[in-house]
Amino acid sequence: MFDYTFQWRQAIRALPQMLDGALVTMQIAVLSMAIGVTIAVFLAVARNSSSRWLRAPATAWVEVARNTPALFQIYMAHFGLGSFGIYLSPYIALLAGIAFNNAGYLCETFRGALRAIPATQIRAGRSLGMGPAKAFRLIVMPQMFRISFLPTMNQAVWAILMTSLGVTVGMNSDLTGVTQDLNARTFRTFEFFAMAAVIYYLIAKAVMLGARLIAWRMFRY
Amino acid sequence: MFETDLSLNDLMFLAKGAGVTLAITFFAVTGGTLMGLLFGVIRAQIKPWMALPLTFVLDIFRSVPLLIQLILANAFQAIAGFGISPFVTSCIVLALYTSAYCTEIVRGAIEAVPMVTRRAARSLGLTWGQDMTQIVFPMALRVALPSWIGLTLGVMKDSALVLWLGIFELLKSSQVLITRLQEPMFILLITGAIYFMLSFPIARLGGRLERKWKEND
């Protein structure tokens, strides 16, 4: 039944290449989180606003992002936009898809956090002479980020795991893409992807541990 | 103005793909929920350090990308010569993936039942089994159901990844049509609409249940 010899040495020799791929993975994850958080703040404000013209597009964005697969969103950026003559490279398509997805999920996280901030805080800020935008920026937003810090970091881990989908649109520089390239050259599928799995696991754990440490250091009263 | 080569036959092809997506989701969620119930009860019952091996293994399924899990499982079954089809492989992987999340939901829900309630049940002479089925289960269900619905929808969306193993589910079917008709935006919009129609009503139901049940707490 088991007449297969594992060739781990090949996989270990390819480790530097894969670590370079892991850097690209991290880069996409960080960028997609930065874009996602920025858009999500605006979406959260728009969804809470009283104007229907602000609320409707924000709600549509969030519902589409949350009710379709992330892979579909990446396909949309990569293949779908081709209908309009816009051809995104795999890197940009992957980044756009994950950022879109992140923004949708983070918007709901932020909205939950906003609900936990008492309205009296804004009124106190306004009575000190701040404008609505300034009160939001200086009083509400820092508290919002604090309350939603750990869920946001959870989403960051999701973003890291989602970058592996890039290989389906021809991405070959991130960790999964590099692994797939090596696999296509050597057919040592199990060994290479097992290495990739270990690297992903370590990255995910490191991010979560770092988040816990930061939360513990910064958010003590 | 707008014309398309998409025929009714092609729509049926997409519908068949959606059927495969639903079938995979059904097997994965059924298997995953059963395992999740078992593991969740074990985790809530024994001490944390005793459950450490179980926690560690289940955590792996949540920290490694699903795509990589699928590729690894498929490669492993080929190496070991099990000769099982990609469909069964993906169902097994997705079931394990589901069980990892379901365990957390079940454990959280069981721990949300106040210990005094359970002691009261035991002191009335109920056995552990009776306590579990008659007291803990109904109370924990209210806590767990909204998250479980969310998990089910998540698995349905994640099941799109099985296309990498060559299974013709919804997204892969759309790719086939795109290759043939060269109308990527239109076909992807239909595909997205199908996913949305499958997911959105149930997501809404979950959200409503959550709000409704919170009022009574």
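Hi everyone, let's start with chain A, which has 10 helices and 0 strands. Please keep in mind that this is a predicted model. If you walk along chain A from the N terminus, the elements run α-α-α-α-α-α-α-α-α-α.

How big is the box that the C-alpha atoms of chain A fill? Along the principal axes, that box is roughly 75 × 50 × 30 Å. Chain A has 221 residues, and 41% of them are buried. Now look at contacts in chain A between residues at least 6 apart in sequence: 74% of these join residues at least 24 apart.

Next, let's zoom in on one pair of helices. Two packed helices are described by the angle between their axes and the distance between the axes. Our pair is α4 of chain A, residues 70–78, and α5 of chain A, residues 90–115. Their axes lie 8 Å apart, at an angle of about 135°. α4(A) and α5(A) are therefore oblique to each other, and α4(A) passes α5(A) in a right-handed crossing. On the α4(A) side, the residues that meet α5(A) include A:Ala70, A:Ile74 and A:His78; among their partners in α5(A) are A:Pro90, A:Leu94 and A:Phe100. By class, this contact has 9 nonpolar, 4 polar and no charged residues.

Finally, let's see where the two chains meet. The contact takes 31 residues from chain A and 31 residues from chain B. Which element gives the most to the side of chain B that touches chain A? That is α8(B), with 10 residues. The residues on this side of chain B divide into 23 nonpolar, 5 polar and 3 charged.

Key. Residues are numbered from 1 along each chain as its sequence is written. Chains are lettered from A and ligands numbered from 1 in the order in which they are written. This is a predicted model: local features need pLDDT of at least 70, side-chain atom pairs count only at pLDDT 80 or more; totals for chains, interfaces and linings use all residues. Two residues are in contact if their C-beta atoms, placed from the backbone, lie within 7 Å. Helices (H or I, at least four residues) and strands (E, at least two) are DSSP runs, numbered from the N terminus. Ala, Val, Leu, Ile, Met, Phe, Trp, Tyr, Cys and Pro count as nonpolar, Asp, Glu, Lys and Arg as charged, and the others, Gly among them, as polar. Axes are lines fitted to C-alpha atoms, for helices over the stretch in contact, and angles run from 0 to 180 degrees between N-to-C directions. Angles under 35 degrees count as roughly parallel, over 145 as roughly antiparallel, 65 to 115 as roughly perpendicular and the rest as oblique. A crossing is left-handed if the near helix is turned anticlockwise from the far one by less than a right angle, and right-handed if clockwise. A residue is buried if 20 or more other C-beta atoms lie within 10 Å of its own, exposed if 12 or fewer, and partly exposed in between; C-beta atoms are placed from the backbone.
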